[in-house]
Amino acid sequence: MGRRRSIHLPGFGHANPIPAASRIGPYLFSGVLTGRDPHTREMPPGLDAQCANVFTHVRSLMSAAGGSLDDIVKMTFWLADYRDRDALNRQWVEMFPDADDRPARQAMAATLDGGCLVQCDLVAVLETDSP
């Protein structure tokens, strides 16, 4: 096994042969996390449900990688309507309630397919070099 470790999530996968994230030492970089339901694997029609699922995937990813939400340094979000951030902000404040202890965040407009209304990726620096 090389020094890079792929992180896979139950209930989440890509159509292409790529992991949910990749880790080298304490550094974790995710691929795109979507709003697909982790149980049914269906894409719900609304932004609220998709944002909730994205944040569920974030929690699962951090756990699978051996880290915690406190290790996230930056998250980038792509939104079909980037001005519609209410659902995103509700999940954000729930996950990171302390305004003085939040990762950096960027939101951008995107043309998304398959009914997807939101996607994100993240960068984290984990406490230890191995899970």
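Predicted model: local features only at pLDDT ≥ 70, side-chain atom pairs only at ≥ 80, totals over all residues.
My strands are DSSP runs of at least two residues, labelled E and numbered from the N terminus.

Residues are numbered from 1 along each chain as its sequence is written, and side-chain values use heavy atoms, with hydrogens and water left out.

**Entry: the partners of E3**

I looked up how E2 (residues 21–24) is joined to E3, and found four bridges in an antiparallel arrangement. Strands count as paired if DSSP finds at least two bridges between them. Across this pair, Arg23 stands opposite Leu28. E3 also pairs with strand E7 (residues 118–125), again antiparallel, over three bridges. There, Tyr27 has Val125 as its bridge partner.

**Entry: two faces**

Which residues of E3 lie on the covered face? I found Leu28 and Ser30 there, while Tyr27 and Phe29 are on the uncovered face of this strand, which spans residues 27–30. The general rule is handy here: in a regular strand the side chains alternate between the two faces of the sheet.

**Entry: Ser30**

Is Ser30 buried or exposed? Ser30 counts as buried because its relative accessibility is 12%; buried means under 20% relative accessible area, exposed over 50%, and partly exposed in between, using a 1.4 Å probe and protein chains only. Its side chain reaches the backbone nitrogen of Leu122 at 2.8 Å. Leaving out residues up to four places away in sequence, Ser30 touches Ala20, Ala21, Leu61, Asp121 and Leu122. Contact here means heavy atoms within 4.5 Å.

**Entry: a nonpolar patch**

Back on the surface, I found that Tyr27, Phe29, Val73 and Val125 form a nonpolar patch with about 370 Å² of accessible area together. Nonpolar side chains are joined within 5 Å, like charges within 9 Å. The areas come from the Shrake-Rupley method with a 1.4 Å probe, and only the protein chains shown count as cover for residues. Val73 belongs to strand E5 (residues 72–79) and is partly exposed at 44% relative accessible area.

Notes: Polar contact = N/O pair within 3.5 Å; in protein donor to acceptor, adjacent residues only side chain to side chain. Patch = residues over 30% accessible without salt bridge, like charges linked within 9 Å, V, L, I, M, F, W, Y side chains within 5 Å. Salt bridge = Lys/Arg side-chain N within 4 Å of Asp/Glu carboxyl O.
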